Amino acid sequence: QVQLVESGGGLVQPGGSLTLSCAASGSIFSISVMGWFRQAPGKQRELVAIITRGGNTNYADSVKGRFTISRDRAKNTIYLQMNSLNPEDTAVYYCKSRVRDMDYWGKGTLVTVSL
């Protein structure tokens, strides 16, 4: 099993920046992909960005050029650097990891973009 703990959410003004962190523990050596998803009020959960074991990344079109996913292997942590935030980015952001055919989720961290 894998345990994931997100942090870094909060209130930010439009145009601002925020960095989210997701610390993994447990069977981390079996993780093949980790990523960030988000769920806005009244909407379905959607992919934001993923990073594979090999370091390949992929982003939703809505965040390309604004968000950057990265990892620190020594800390078993992935990050999501979010720049040029706008109100449409307001959501609960979830970290997810995949081990073989199992998905593990964190509890989420709320990001609110507002004046």
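Modeller: Terms before anything else: helices (H or I, at least four residues) and strands (E, at least two) are DSSP runs, numbered from the N terminus. It's a predicted model, so local features need pLDDT of at least 70 and side-chain atom pairs 80 or more, while totals for chains, interfaces and linings use all residues. Residues count from 1 along each chain as its sequence is written, and side-chain values use heavy atoms, without hydrogens or water.

Biologist: Okay, which strands supply at least two residues each to the lining of the largest pocket?

Modeller: β4 (31-39), β5 (46-52), β7 and β8. The largest share, four residues, comes from β4.

Biologist: What's the volume of that largest pocket?

Modeller: About 340 Å³. That's the space filled by probe spheres set on grid points, joined across faces, edges and corners. A pocket here is an open set of points on a 1 Å grid over the protein atoms alone, with protein on both sides within 12 Å along at least five of seven lines; lining residues have an atom within 4 Å of a point.

Biologist: Switching topic: in what order do the strands of the open sheet run?

Modeller: β1-β3-β8-β7, with antiparallel pairing; two strands pair if DSSP finds at least two bridges between them. β1 (2-7) and β7 (67-72) are the edges, each pairing on one side only.

Biologist: How many bridges join β3 to β8?

Modeller: Six, between residues 18-26 and 77-82. Leu18 sits opposite Met82 in β8.

Key:
1 Å grid on protein atoms, 1.4 Å probe; cavity = no way out; pocket = protein on both sides within 12 Å on 5 of 7 lines; lining within 4 Å.
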